[in-house]
Amino acid sequence: MRDMLLKDKVVIVTGAASGIGAAVAHRYASSGARVAVVDINKVGAEKVRKNLVNNESHRTFYCDLAEPSQCSAVVADVLEWAGRVDVLVNSAAYLERKQIDDVDVDFMNRTVAINMTGPFFLARACAKIMKSQGWGRIILFSSQGAYTGGYNGSAVYAMTKAGIIALVKSLAREYAADGITVNSVAPAGANTQMLHGGMSPEDVADFIDKIPMGRLAQPEEIAEACEFLASDRAGYITGHTLDVNGGMLMR
Ligand SMILES: NC(=O)c1ccc[n+]([C@@H]2O[C@H](COP(=O)([O-])OP(=O)(O)OC[C@H]3O[C@@H](n4cnc5c(N)ncnc54)[C@H](O)[C@@H]3O)[C@@H](O)[C@H]2O)c1
């Protein structure tokens, strides 16, 4: 039997209706946590919640990360529900593939709002609570694209994911003395809607050809890294971006 690394922790997982966020919600619930299943897709989030271990211990919350006020509000709602907030995993993100010449200001603003501004305000709101508790874990999501500039029409997305790497360093330094660690995870190709949406099967096959392990990650494999980073075992790791990429990019 596995150790219950997150026993009784209250965790917020955004983007939990789908893909990696859903896998993190499952892994954390199995590890003993109470999960706030957060997404803009409340129906999808509720479906995930119902299938979690001990499903009555968890709760679904709506939040559109494009709205900073909703980011602070959802953290306050979780605090009211569970009385504490121990871990934040921000898996939600927006990727629409657009060539650079087709990018307009609205598209730029929406991508930046969801992928950078939202995580900033979520993390800050959580850190305020974690500080008063003297313990916390903040895990954001970067991407291999942060290092490479992205793949096939993902320039703006890649730019925001590079911003996350700087953000975790700033937050990590600021909150280190408060018992809060801040890290991010950088997948390359994970088998989710985000990867397959906007890529032809030929593009996906070409992408997989470049992965030394010869396959995409399963969302559960990314969730394992998130469980480790949220646990006491990772207590001295902060400001780090962890590549979980099958060897596709070795930095
Ligand atoms: N899948 C990959 O290959 C890959 C590669 C690199 C990085 N990542 C990163 O991993 C994380 C998870 O990606 P995924 O593949 O699971 O994606 P996904 O598309 O399966 O899930 C994304 C979730 O975010 C939610 N979401 C989107 N906009 C939102 C908003 N405005 N407010 C709240 N929720 C919103 C969606 O409803 C969805 O449930 C993302 O941060 C992504 O950038 C994924």
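Trainee: Is Thr 111 buried or exposed?

Mentor: Buried means under 20% relative accessible area, exposed means over 50%, and partly exposed lies in between, using a 1.4 Å probe and protein chains only. Thr 111 has a relative accessible area of 2%, so this residue is buried. This is a predicted model, where local features need pLDDT of at least 70 and side-chain atom pairs count only at pLDDT 80 or more, while totals for chains, interfaces and linings use all residues. Residues are numbered from 1 along each chain as its sequence is written, and side-chain values use heavy atoms, with hydrogens and water left out.

Trainee: Where is Thr 111 found, and what is it in contact with?

Mentor: Helices are DSSP runs of H or I with at least four residues, strands are runs of E with at least two, and both are numbered from the N terminus. Thr 111 belongs to helix 4. Contact means heavy atoms within 4.5 Å. Setting aside neighbours within four places in sequence, Thr 111 is in contact with Tyr 94, Met 116, Val 156, Tyr 157 and Thr 160.

Trainee: How do I read the packing of helix 4 and helix 6?

Mentor: Axes are lines fitted to C-alpha atoms, for helices over the stretch in contact, and angles run from 0 to 180 degrees between N-to-C directions. Angles under 35 degrees count as roughly parallel, over 145 as roughly antiparallel, 65 to 115 as roughly perpendicular, and the rest as oblique. The axes of helix 4 and helix 6 cross at roughly 15 degrees and come within 10 Å, so the two helices are roughly parallel to each other. Among the residues that meet are Thr 111, Met 116 and Phe 120 in helix 4 and Val 156, Tyr 157 and Thr 160 in helix 6. Nonpolar covers Ala, Val, Leu, Ile, Met, Phe, Trp, Tyr, Cys and Pro, charged covers Asp, Glu, Lys and Arg, and polar covers the others, Gly among them. By these classes, the contact of helix 4 with helix 6 has 15 nonpolar, four polar and two charged residues.

Trainee: What is the handedness of the crossing of helix 3 and helix 4?

Mentor: A crossing is left-handed if the near helix is turned anticlockwise from the far one by less than a right angle, and right-handed if clockwise. Helix 3 and helix 4 make a right-handed crossing. Their axes come within 8 Å and cross at roughly 30 degrees, so these helices are roughly parallel. Residues that meet here include Val 75 and Leu 79 of helix 3 and Phe 121 and Ala 125 of helix 4. This contact has 10 nonpolar, three polar and no charged residues.

Trainee: At what angle do helix 1 and helix 9 pack?

Mentor: Helix 1 (residues 19-30) and helix 9 (residues 219-230) pack at about 55 degrees, with axes 8 Å apart. That angle makes helix 1 oblique to helix 9. The contact includes Arg 27 and Tyr 28 of helix 1 and Glu 220 and Glu 227 of helix 9. Its residues divide into nine nonpolar, one polar and four charged.

Trainee: Which residues does Leu 229 touch?

Mentor: Leu 229 is in helix 9 and is buried, with a relative accessible area of 2%. Beyond four places in sequence, its contacts include Asn 183, Val 185 and Ile 237. Asn 183 itself lies in strand 6 (residues 180-187) and is buried at 1%. The backbone oxygen of Ile 237 lies 2.9 Å from a polar atom of the Asn 183 side chain.

Trainee: What is phi in Asn 54, and where does Asn 54 lie?

Mentor: Most residues other than glycine have a negative phi. Asn 54 has a positive phi, near 55 degrees. Asn 54 lies in the loop between helix 2 and strand 3 and is exposed, with a relative accessible area of 53%. Asn 152 also has a positive phi, of about 55 degrees. Asn 152 sits in the loop between helix 5 and helix 6 and is partly exposed at 34%.

Key: A polar contact is a pair of N or O atoms within 3.5 Å; within protein, one must be able to donate a hydrogen and the other to accept it, and residues adjacent in sequence count only if both atoms are side-chain atoms.
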